[in-house]
Amino acid sequence: MVIDMKRCFGCRACVAACKTENMVQSGNYWNFVLEYEQGKYPNVRRIFTPMNCMHCENPPCMKACPEKAISKNEYGVVLINYDRCKGRKYCIAACPYGVIHFIDKEKTFYEKEKIPCENLPAEALHALHRKKPGIAEKCTLCWHRVEKALKEGKRPGGDYDTSPACIKVCPGNARYFGDIDDPHSEVSKLIAEKRAIQLNREHGTRPQVYYII
Amino acid sequence: MRTRAIAIVFAMGFVIVSFAFALDIPKTAKSIKSGKIKVGKSTGMEVDQRFHKIHNEVLGIDCVSCHISNFAPDYLYQRKYKDVGGMGHVDRGICLGCHKENGPAVTKLYGTAEK
């Protein structure tokens with residue numbers, strides 16, 4: 001994934017799309033926009049940095065997990081196995097981006113009633129949406145969509161249904177998704193041409209989310 | 001203010017690394033695994049569980065060596081906005097000092113940055 005920070009104006013459409021798509025409970029975020037000010041009056045600018053799991057090549061969360069509940073699949077997506085996760089929080093402690101969240105208790109959006117998606121039975125949900133209290137959760141790069149696209153022989157990142165929910169909703173076209181190993185893909189070209197960078201490189205985690213700054 | 005915060009973080013990192021070199025870390029790790037040093041069997045992040053027992057009681061790392069109250073405004077760390085209560089968040093730069101590929105800790109969580 002490539003995020004063009006020059007095009008991000010902090011609307012948080014990606015945050016809303018992620019919340020809805022993945023039924024992320026109130027208080028937790030798989031996708032979030034950090035913002036801070038740079039400079040001094042009158043030369044001030046606001047920087048918006050969308051953050052989600054970096055799907056590192058060398059993920060420290062995976063190494064830290066005592067239950068071996070975190071794995072990296074053949075497409076480079078780092079996923080948590082909710083059946084194995086015992087909520088030890090070692091992954092949260094190891095992640096240098098702070099993008100893993102803990103579900104301490106079930107929180108509904110409204111106090112006294114459940115919205116329709118909160119009422120869905122577990123069988124109706126993708127395995128990555130069968131969350132429960134006492135486990136860690138994080139961005140899956142909408143693996144349920146990418147997996148479906150791969151099964152149907154479609155190219156992930158091609159259209160809305162084959163991309164993570166945060167990509168195509170971005171009104172500023174600040175987000176790009178594709179195969180980083182393919183030198184002809186849009187993301188590879190952007191990384192090369194615009195000299196995109198990775199966050200916290202000093203940790204040697206080799207994140208797969210690049211930022212154009 | 002920012003320079004001061006960076007200086008404090010570096011100083012803490014130095015203290016932690018000094019502690020780490022003063023102790024024989026691999027030997028300590030073996031003793032923990034064999035049960036010679038008792039840290040309990042409960043893996044978790046609470047103060048009375050293994051994580052804090054190892055870092056605080058066995059290695060002698062003080063709470064404020066890791067927990068910081070304020071991040072620099074431009075530090076990109078999502079959970080810094082979340083109120084966790086207690087001691088506050090940990091800058092992972094401090095963990096990096098020991099848990100990097102060629103660091104003194106036995107558990108190598110982080111790699112080394114490519115040149």
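**Strands β1 and β9 of chain A**

I began with strand β1 (residues 2–4) of chain A, which pairs with β9(A) in the parallel sense over three bridges; I take strands as DSSP runs of E of at least two residues and helices as DSSP runs of H or I of at least four, both numbered from the N terminus, and I call two strands paired if DSSP finds at least two bridges between them. The model is a predicted one, in which local features need pLDDT of at least 70 and side-chain atom pairs count only at pLDDT 80 or more, while totals for chains, interfaces and linings use all residues. Residues are numbered from 1 along each chain as its sequence is written, and chains are lettered from A and ligands numbered from 1 in the order in which they are written.

For V2(A), I looked up the bridge partner in β9(A) and found Y210(A).

**The β2–β3 hairpin of chain A**

I next looked at β2(A) and β3(A), which form a hairpin with two residues between them and pair in the antiparallel sense over 10 bridges. Within this pairing, V33(A) has P50(A) as its bridge partner in β3(A). I also checked confidence here, using pLDDT, the predictor's confidence in each residue from 0 to 100: in chain A, confidence is lowest in β2(A), with a mean of 92, and highest in strand β5 (residues 78–80), with 98. Over chain A as a whole the mean pLDDT is 94, and 100% of the residues reach 70 or more.

**Chain A as a whole**

I recorded six helices and nine strands for chain A. Its C-alpha atoms fill a box of roughly 50 × 45 × 35 Å along the principal axes. The radius of gyration, taken over C-alpha atoms, I compared with the globule rule of 2.2 Å times the number of residues to the power 0.38; for 213 residues a compact globule would come near 17 Å, and chain A agrees, with 17 Å.

I count a residue as buried if 20 or more other C-beta atoms lie within 10 Å of its own, as exposed if 12 or fewer do, and as partly exposed in between, with C-beta atoms placed from the backbone. On that count 38% of the 213 residues of chain A are buried. For contacts, I require C-beta atoms, placed from the backbone, within 7 Å; of the contacts in chain A between residues at least 6 apart in sequence, 56% join residues at least 24 apart.

I looked up K19(A), which lies in helix α1 (residues 13–22), and it counts as partly exposed because it has 19 C-beta neighbours inside 10 Å.

Leaving aside neighbours within four places in sequence, H129(A) is in contact with N22(A) and M23(A).

**Nonpolar cores**

I define a nonpolar core as a set of buried Ala, Val, Leu, Ile, Met, Phe, Trp, Tyr and Cys residues joined through C-beta atoms within 7 Å. The largest has 54 residues, and C61(A), C91(A) and C95(A) have the most contacts inside it. Its largest share, four residues, comes from α3(A). Apart from this core lies another of five residues, including I61(B), C66(B), I94(B) and C95(B).

**Chain B and the contact between the chains**

For chain B I noted five helices and zero strands. Of its 115 residues, 17% are buried, and 44% of its contacts between residues at least 6 apart in sequence join residues at least 24 apart.

The contact between the chains takes 25 residues from chain A and 19 residues from chain B. On the side of chain A that touches chain B, β2 (31–40), β3 (43–52), α2 (60–64) and α3 (90–94) each supply at least two residues. I sorted the residues of that side into 13 nonpolar, six polar and six charged, where Ala, Val, Leu, Ile, Met, Phe, Trp, Tyr, Cys and Pro count as nonpolar, Asp, Glu, Lys and Arg as charged, and the others, Gly among them, as polar.

Technical notes: Two residues are in contact if their C-beta atoms, placed from the backbone, lie within 7 Å.
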